[in-house]
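Subject: Structure handover and notes

Hello,

I am passing on the structure below, together with some notes on what was found in it. Please look through the sequence and the model first, and then read on.

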Amino acid sequence: MLRSKFLDHVREVIRTNQFSYSTEKTYIRWIYRFIIFHDKRHPNEMGGKEIADFLTNLAVERKVSASTQNQALNALVFLYKKVLRIPLDNFNFNHARIGKRLPVVLSRNETHEVISNLQGEFHLMASILYGGGLRLTECLNLRVKDLDFGLNEMLIRGGKGDNDRRTILPNLLIPQLNIQIEKARLRLEENMLVKGFRGASMPDALERKYPTAPKELAWQYIFPARKPAIDPRSGSLKQHYRHESSLQKAVKNAVRKSQITKNASCHTFRHSFATHLLEDGYDIRTVQELLGHKDVRTTMIYTHVLSRNKFNVRSLLDTWSSRSLYR
């Protein structure tokens, strides 16, 4: 972990603004790279010109993607506006334009094939991603209290944009989820015997408000990590959820076993969920709500995936006979 008095101060401001730990790590990394790029000059001595030079180097020399360049820009704008409180006069470096890309979508048969090639918890995780349209981190962040078996709903807390939403809980998964909850209960009982164990990791504000909650079953993760670990922010021994990479690797292996040539990943299940709902005739607003999109235009991209040969045009090559083509 990168440590210095200045970076520790940046961390404090990030946490005051209640950003996630992943955002904290990302911002710290970009600020550190910015300082190193300018020969360890203090950001107080720099400004808009130095930011523009750094971002130009990323784009021209490092050839990073537009999204990576925007990520670095966001981190540095946060540094100057929120941490240093220095106005960036005459700074007009705009966000890089991200091209429009159609999402990778699996057919229903392909989705079934990939999930069938997963075992145990990975099979259940992937089923939740597809069955409810969840992002990977949303699935891993699920706690026991977020499952409503009566209404067949999952409550997704603090999703993208820090928004809560409800989505479908597949009835087919309830028996497996009950087994998983029992595993979480047994894990909690084991951890309670470990010296210094402080319960499940929680946002600081919630832990202050509900001091006993971290050791209650309702607040335990559905997919806990194998062992408790030191929380990087509080320094306490806590139970965290499973690392993202474990499911990512399992899904990649399942895609290879299925002999599917599409560049499918965990997020592909979410894309497939949305596309298949639209294929079944559900309206765009319903799909938007289930996905948690703020703007319906974000959801509209899945209608483009549905529009296969929307012009109803036959290729000129298809008008040739096979004999004339291969003579």
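Helices (H or I, at least four residues) and strands (E, at least two) are DSSP runs, numbered from the N terminus; buried means under 20% relative accessible area, exposed over 50%, and partly exposed in between, with a 1.4 Å probe and protein chains only. Packing rests on contact, that is, heavy atoms within 4.5 Å.

Before going further, please note that this is a predicted model, in which local features need pLDDT of at least 70 and side-chain atom pairs count only at pLDDT 80 or more, while totals for chains, interfaces and linings use all residues. Residues are numbered from 1 along each chain as its sequence is written, and side-chain values use heavy atoms, with hydrogens and water left out.

Helix H8

The buried residues of H8 are Ile174, Leu177, Gln180, Ile181, Ala184, Leu188 and Asn191. They cover an arc of only 110° around the axis (taken from the directions from the helix axis to the C-beta atoms), which puts them on the same side of H8. An α-helix has 3.6 residues a turn, so residues three or four places apart point the same way. On the other side of H8, the exposed residues are Pro175, Ile179 and Glu190. The helix runs over residues 174–191, and at 1.5 Å a residue its 18 residues should span 26 Å, which agrees with the 25 Å between its end C-alpha atoms; the expected span is 1.5 Å times one less than the number of residues.

The cavity and a pocket

The structure holds one cavity of 30 Å³ or more, and the largest cavity has a volume of about 40 Å³. Its lining is made by Ala184, Arg187, Leu188, Asn191, Gln220, Tyr221, Pro224 and Gln239, with H8 giving the largest share, four residues. On a 1 Å grid over the protein atoms alone, a cavity is a set of points where a 1.4 Å probe fits but cannot get out, and a pocket is an open set with protein on both sides within 12 Å along at least five of seven lines; lining residues have an atom within 4 Å of a point. Grid points are joined across faces, edges and corners, and a volume is the space filled by probe spheres set on the points.

The second largest pocket holds about 330 Å³ of space and is lined by 15 residues, of which Ser127, Tyr130, Gly131, Pro170 and Leu172 lie nearest its centre. Helix H5 (108–116) gives the most to this lining, with five residues.

His123 is in helix H6 and, at 24% relative accessibility, counts as partly exposed. Leaving aside neighbours within four places in sequence, His123 is in contact with Ile115, Leu118 and Gln176.

His271 lies in helix H11 (residues 266–279) and counts as buried at 15% relative accessibility. The side chain of His271 makes a polar contact with that of Tyr302 (2.7 Å); such a contact is a pair of N or O atoms within 3.5 Å, where within protein one must be able to donate a hydrogen and the other to accept it, and residues adjacent in sequence count only if both atoms are side-chain atoms.

Arg15, in helix H1 (residues 5–16), has a side chain in polar contact with the side chain of Glu24 (2.8 Å).

Best wishes
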